[in-house]
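Here is a short note for a colleague who is new to this entry. Please look over the structure first, then read the points in order.

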Amino acid sequence: MRSYSEEQLRNWERHQKKNRLHRLTTKHPFLCVGLPFLLAVVGGSFVLLPSQETKYEVRDKHVQAAPIEELKTKKPKLTLQEEYFRMKTKGSWSAEWEPKRVKRAPEDEPVFDRQGPA
């Protein structure tokens, strides 16, 4: 029977561990691809969580609650027709202004307006 040195035995044990790991990963590819991906996603969410919290805390400091007295005052509801008449009486639309059509090139005119050969 052949005797092996300690170094050869150590090399053989390392080779067996590599072989076992290789067989395991080829049989279950989730361990090589899926598991690290999921760990990165879940770990990343836990890493980013504190920065998101500080972002919203800073935003909340800038946004202040309105005083209760301001909330109690009711603003009148406007309709489109009321706003139209209010602007007309105010003079927002002067009598000097009127819509004018821009001259188009003859080829850009709509087809139904052209006088074709009859």
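1. Accessible areas come from the Shrake-Rupley method with a 1.4 Å probe, and for residues only the protein chains shown count as cover. The protein's accessible surface is about 12,500 Å². Carbon and sulfur atoms hold 61% of that surface.

2. This is a predicted model: local features need pLDDT of at least 70, side-chain atom pairs count only at pLDDT 80 or more, and totals for chains, interfaces and linings use all residues. Residues are numbered from 1 along each chain as its sequence is written, and side-chain values use heavy atoms, with hydrogens and water left out.

3. The protein has four helices and zero strands. Helices are DSSP runs (H or I, at least four residues), strands likewise (E, at least two), numbered from the N terminus. The order along the sequence is α-α-α-α.

4. How many of the 118 residues are buried (under 20% relative accessible area; exposed is over 50%, partly exposed in between; 1.4 Å probe, protein chains only)? The share is 2%.

5. A nonpolar patch lies on the surface, with about 1,200 Å² of accessible area together. Its residues include Leu21, Phe30, Leu35 and Phe46. Nonpolar side chains (Val, Leu, Ile, Met, Phe, Trp, Tyr) are joined within 5 Å, like charges within 9 Å. Both α1 (6–27) and α2 (34–62) give two or more residues. The largest share, eight residues, comes from α2. Leu35 sits in helix α2 and is partly exposed at 34% relative accessibility.

How values were computed: Patches are made of residues with over 30% relative accessible area and no salt bridge: like charges are joined within 9 Å, nonpolar side chains (Val, Leu, Ile, Met, Phe, Trp, Tyr) within 5 Å. A salt bridge is a side-chain nitrogen of Lys or Arg within 4 Å of a carboxyl oxygen of Asp or Glu.
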